[in-house]
Amino acid sequence: MRLAGKKALVTGAARGIGLGCARLMAQHGCDVVITDIDLPEANRAAESLSGHAAIKLDVTDRQAWTCAVDKASQLMDGINVLVNNAGIIIPGTVEDLDEAAWDRTMNVDLKSVYLGCQAALPVLSRSAPASIVNIASISSMIASANFAAYNAAKAGVHMLTKSVALHAARSHPGVRCNSIHPAFVDTGMVDQVANKDDPQVSRRKLARQIPLGRIATVEDVAWAVVYLASNESSFMTGSELKLDGGVSAM
Ligand code: NAI
């Protein structure tokens with residue numbers, strides 16, 4: 001019960017990494033509100049955790065953030081963990097990516113974190129000790145020709161995390177902010193970037209790029225979120241946690 005007494009809002013938690021994090025956090029005594037743009041799937045996810053609520057939240061929408069933070073705060077009597085997890089990837093080089101794809105990636109992957117931190121900081125402050133965990137990517141540090149927008153957005157999340165951490169340290173005592181940087185994780189997002197192959201073939205191909213010889217599971221990421229959400233990491237803020245199977249060590 002490493003998160004007993006914690007109250008978390010997780011974005012993009014209907015499936016994938018967000019759902020894996022919500023599940024492990026709940027197992028560790030955390031009250032969790034699952035949010036996603038896909039409400040039916042978020043409801044199914046919340047039912048699978050039993051005793052936890054779901055709220056519709058499009059992370060690119062400022063008004064939706066205000067409503068979701070209010071509602072989650074009422075449901076749980078405060079919020080002291082915010083996991084900014086929702087994200088998309090639209091592959092494309094700087095030459096072939098159209099402007100709409102660029103803007104969409106920036107909005108969902110980067111602007112969302114700005115909106116979420118802005119909306120939640122006053123509530124987190126009242127429920128401190130509190131922690132913001134931003135799911136960035138190893139793509140914030142290692143570029144691919146075909147991930148122009150994703151690389152740029154996740155690099156933005158990396159640095160925004162540090163700015164939020166420094167601001168919170170000064171203006172919201174007890175509120176921390178850190179980022180997590182996974183390499184490939186076994187979710188639907190992997191199928192989007194490698195959809196030309198059979199899913200198992202593409203996973204094996206990706207695994208060959210990782211020194212540890214496999215891609216990550218959602219639980220690999222969830223354990224890091226549990227640590228950063230808990231008071232175990234109380235001296236950690238403005239930091240990045242790489243979960244990349246050794247890729248960035250090469
Ligand atoms: P996923 O595609 O399995 O799940 C993403 C979730 O976000 C979905 O439930 C989707 O409905 C939701 N979502 C999308 N747009 C949204 C919006 N505007 N508002 C609210 N919710 C929205 O993806 P996955 O793999 O679980 O990714 C989660 C996070 O982890 C993302 O930020 C991603 O960039 C990051 N990540 C993923 C890696 C991977 O290999 N799967 C590697 C490194 C980072």
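Gly18 is buried, with a relative accessible area of 0%; buried here means under 20% relative accessible area, exposed means over 50%, and partly exposed is in between, using a 1.4 Å probe and protein chains only. This is a predicted model, where local features need pLDDT of at least 70 and side-chain atom pairs count only at pLDDT 80 or more, while totals for chains, interfaces and linings use all residues. Residues are numbered from 1 along each chain as its sequence is written, and side-chain values use heavy atoms, with hydrogens and water left out.

Back to Gly18: you'll find this glycine in helix H1. Leaving aside residues up to four places away in sequence, Gly18 touches Val10, Gly12, Ala13 and Asn85, where a contact means heavy atoms within 4.5 Å. Gly18 and Leu49 sit 31 residues apart in sequence, and their C-alpha atoms are 13 Å apart in space.

Now the whole chain. The protein chain has eight helices and seven strands; these are DSSP runs (H or I of at least four residues for helices, E of at least two for strands), numbered from the N terminus. A compact globule of 250 residues would have a radius of gyration near 18 Å, and the protein chain agrees with its 17 Å. That radius is taken over C-alpha atoms, and the globule rule is 2.2 Å times the number of residues to the power 0.38. Along the principal axes, the C-alpha atoms fill a box of roughly 45 × 35 × 35 Å. Buried residues make up 51% of the 250 residues. Of the contacts with a separation of 6 or more, 69% are between residues 24 or more positions apart.

On to the largest pocket, which holds about 1000 Å³ of space. The search runs on a 1 Å grid over the protein atoms alone: a cavity is a set of points where a 1.4 Å probe fits but cannot get out, a pocket is an open set with protein on both sides within 12 Å along at least five of seven lines, and lining residues have an atom within 4 Å of a point. Grid points are joined across faces, edges and corners, and the volume is the space filled by probe spheres set on the points.

The lining of this pocket counts 43 residues, with Gly87, Ile88, Tyr150, Thr187 and Met189 nearest its centre. Helices H1 (16-27), H4 (99-126), H5 (148-171) and H6 (188-193) each supply at least two lining residues, and H6 gives the largest share, five residues. By class, the lining has 24 nonpolar, 14 polar and five charged residues. Ala, Val, Leu, Ile, Met, Phe, Trp, Tyr, Cys and Pro count as nonpolar, Asp, Glu, Lys and Arg as charged, and the others, Gly among them, as polar.

Tyr150 turns up again in the one aromatic pair of the structure. The ring centres of Phe147 and Tyr150 are 6.0 Å apart and the planes are at 80°, so this pair is edge-to-face. Rings of Phe, Tyr and Trp (its six-membered ring) pair if their centres lie within 6.5 Å; planes under 30 degrees apart are stacked, over 60 edge-to-face, and the rest tilted. Phe147 is buried at 13% relative accessibility, and Tyr150 is buried at 8%.

Finally, some backbone details. The peptide bond from Ala128 to Pro129 is cis, with omega near 5°, and Pro129 is in the loop between H4 and strand S5 (130-135). Two non-glycine residues with positive phi are tabulated here.
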